[in-house]
Amino acid sequence: MWISWCMFFKKRPVIIITSNDSGRTHRWKEFVLKTLNRLTVIRLRLIFITVVAGQWLFSQTVDAPYEVATWWGFRKAAISYTFDDGCPNQLAIAVPLFDEFGFPLTLFAVTDWSPDWNALRRAAARGHEIASHTVSHPHLDELNEEAQIAELKNSRDEINAQVTNQKCLTIAYPYCVAGDDSICAEYYLAARACQGYIESNNPDNFLNISSIICGSVGFVKTAADFQDSADQAASVNGWCVYLIHGLDTENDGWSPTSSDALRRSLEYLDAHRNTFWVATFVDVVRYIRERNAVSVIETACRENRIAVRVTDTLKNEIYNHPITIRRPLPDGWLSASVRQGERLINSQVVVVDMVRYIMFDAVPDDKKVIITSSTATGFKNH
Ligand SMILES: [Zn+2]
């Protein structure tokens with residue numbers, strides 16, 4: 001007995017009986033199979049509808065000749081520096097070092113380990129991300145559902161109560177071991193583990209983002225190691241997430257990273273700002289989700305003025321990171337300025353493969369973007 005599937009969604013599967021069962025068994029089997037087939041067809045239709053609706057809700061729709069950047073600023077890679085366990089030198093050395101370069105970092109705090117909330121609030125005010133490393137640093141996979149919820153929810157709520165100038169939206173798993181994904185998804189947009197590879201620009205699972213362990217027992221020890229992994233990310237348009245604990249001495253925390261190597265790594269990224277986008281863990285997550293869901297529609301194109309609608313279907317209170325878009329400058333335009341609503345937004349003319357583009361940063365679901373021809377001639381090779 002076998003089942004052939006005809007025209008997957010248009011027609012019900014056809015049952016072809018090839019056995020020589022007796023009449024009664026035959027009719028009974030036929031009934032069971034028909035019922036199963038109907039249920040399968042209903043389920044397949046539901047999956048089909050979900051996939052189609054999902055594509056409509058979450059896929060990118062971009063009018064020609066617009067392009068949406070894989071990474072902010074059309075950079076080749078995203079780089080996130082994440083710090084676990086609240087080791088003292090993270091606040092004493094790393095935060096001031098990153099501030100010096102104007103690069104943001106992510107601090108994953110264990111809320112029962114007496115974090116320095118004042119210092120974390122000050123760091124958040126300067127654009128650093130304060131996120132969760134649970135309440136008590138357990139192996140989440142060894143906890144029952146209730147205990148996992150307590151670790152995930154209570155740490156998030158405590159951070160939100162203490163650090164009110166940002167939202168706690170991401171988590172790093174203690175020992176890089178995930179618990180139940182469905183529980184995690186209730187409380188967080190994304191979670192970091194430490195598989196040791198460069199993450200893709202379209203992660204398979206936002207609740208299991210890869211990072212690379214740094215420091216004395218990690219894979220990245222020296223300035224050259226930092227540079228190699230960043231370059232590797234650029235070569236595959238990927239996302240390099242570093243995982244750092246202590247700095248400079250074993251007394252500060254596990255697998256200490258040399259602060260000199262860290263400084264030289266930032267110097268390298270600073271010298272190649274057109275290649276690398278250094279961002280907090282959560283901002284990279286926001287960017288990926290927004291650019292994958294964005295719709296860029298040109299609503300008017302006149303001699304000196306173009307109107308563009310940039311929208312998505314995501315929650316605006318969370319997904320409000322600007323995404324980078326470009327289009328070739330129309331013939332006869334020397335340059336352009338770009339506004340979103342009344343606000344002048346970050347924009348520049350760049351030349352890529354001999355084509356002059358106007359590149360700008362727009363927040364999806366904000367006001368309409370207006371590109372206006374201007375006579376300024378300053379532009380930048382990209
Ligand atoms: Zn830890």
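**Exercise 1. Is I79 buried or exposed, and what relative accessible area does it have?**

Keep in mind that this is a predicted model. Now take it step by step.

- Step 1: find I79 in the chain. The residue sits in strand β5, which covers residues 77–84.
- Step 2: check its accessibility. I79 has a relative accessible area of 0%. The cut-off for buried is under 20%, so I79 is buried.
- Step 3: look at the neighbours. Leaving aside residues up to four places away in sequence, I79 touches A230, W239, C240, Y242, L269, F276, W277, V278 and A279.
- Step 4: pick out one of these, A279. This residue is 200 residues from I79 along the chain, yet their C-alpha atoms are separated by 6.2 Å.

**Exercise 2. Work out which residues coordinate the zinc ion, and how they are spaced in sequence.**

- Step 1: list the donors. D85 coordinates the zinc ion through OD, while H133 and H137 each use NE2. The distances run from 2.0 to 2.1 Å.
- Step 2: write the spacing. Along the sequence the donor residues follow the pattern D-x47-H-x3-H.
- Step 3: H133 comes out at 1% relative accessible area, so it is buried. H137 has 10% relative accessibility, so it counts as buried too.

**Exercise 3. Describe where H128 lies and what surrounds it.**

- Step 1: Look in the loop that links α3 (117–125) to β7 (129–132).
- Step 2: decide on burial. With 3% relative accessibility, H128 counts as buried.
- Step 3: find the polar partner. The side chains of H128 and D99 make a polar contact at 2.7 Å.
- Step 4: fill in the rest. Apart from residues up to four places away in sequence, H128 touches V95, F98, D99, F103, P104, L105, A123, Q166 and T280. So D99 turns up here as well, because heavy atoms within 4.5 Å count as a contact.

**Exercise 4. How many cavities of 30 Å³ or more are there, and what lines the largest cavity?**

- Step 1: count. The answer is 1 cavity of 30 Å³ or more.
- Step 2: give its volume. The largest cavity comes to about 30 Å³.
- Step 3: name the lining. The residues are L140, Q148, L152, Y173, G179, D180 and C184.
- Step 4: sort them by type. The lining divides into 4 nonpolar, 2 polar and 1 charged.

Notes: Residues are numbered from 1 along each chain as its sequence is written. This is a predicted model: local features need pLDDT of at least 70, side-chain atom pairs count only at pLDDT 80 or more; totals for chains, interfaces and linings use all residues. Side-chain values use heavy atoms; hydrogens and water are left out. Donors are N, O and S atoms within 2.8 Å of the metal (3.2 Å for Na, K and Ca); water is not among the atoms, so sites may look incomplete. Buried means under 20% relative accessible area, exposed over 50%, partly exposed in between (1.4 Å probe, protein chains only). On a 1 Å grid over the protein atoms alone, a cavity is a set of points where a 1.4 Å probe fits but cannot get out, and a pocket is an open set with protein on both sides within 12 Å along at least five of seven lines; lining residues have an atom within 4 Å of a point. Grid points are joined across faces, edges and corners, and a volume is the space filled by probe spheres set on the points. Ala, Val, Leu, Ile, Met, Phe, Trp, Tyr, Cys and Pro count as nonpolar, Asp, Glu, Lys and Arg as charged, and the others, Gly among them, as polar. Helices (H or I, at least four residues) and strands (E, at least two) are DSSP runs, numbered from the N terminus. A polar contact is a pair of N or O atoms within 3.5 Å; within protein, one must be able to donate a hydrogen and the other to accept it, and residues adjacent in sequence count only if both atoms are side-chain atoms.
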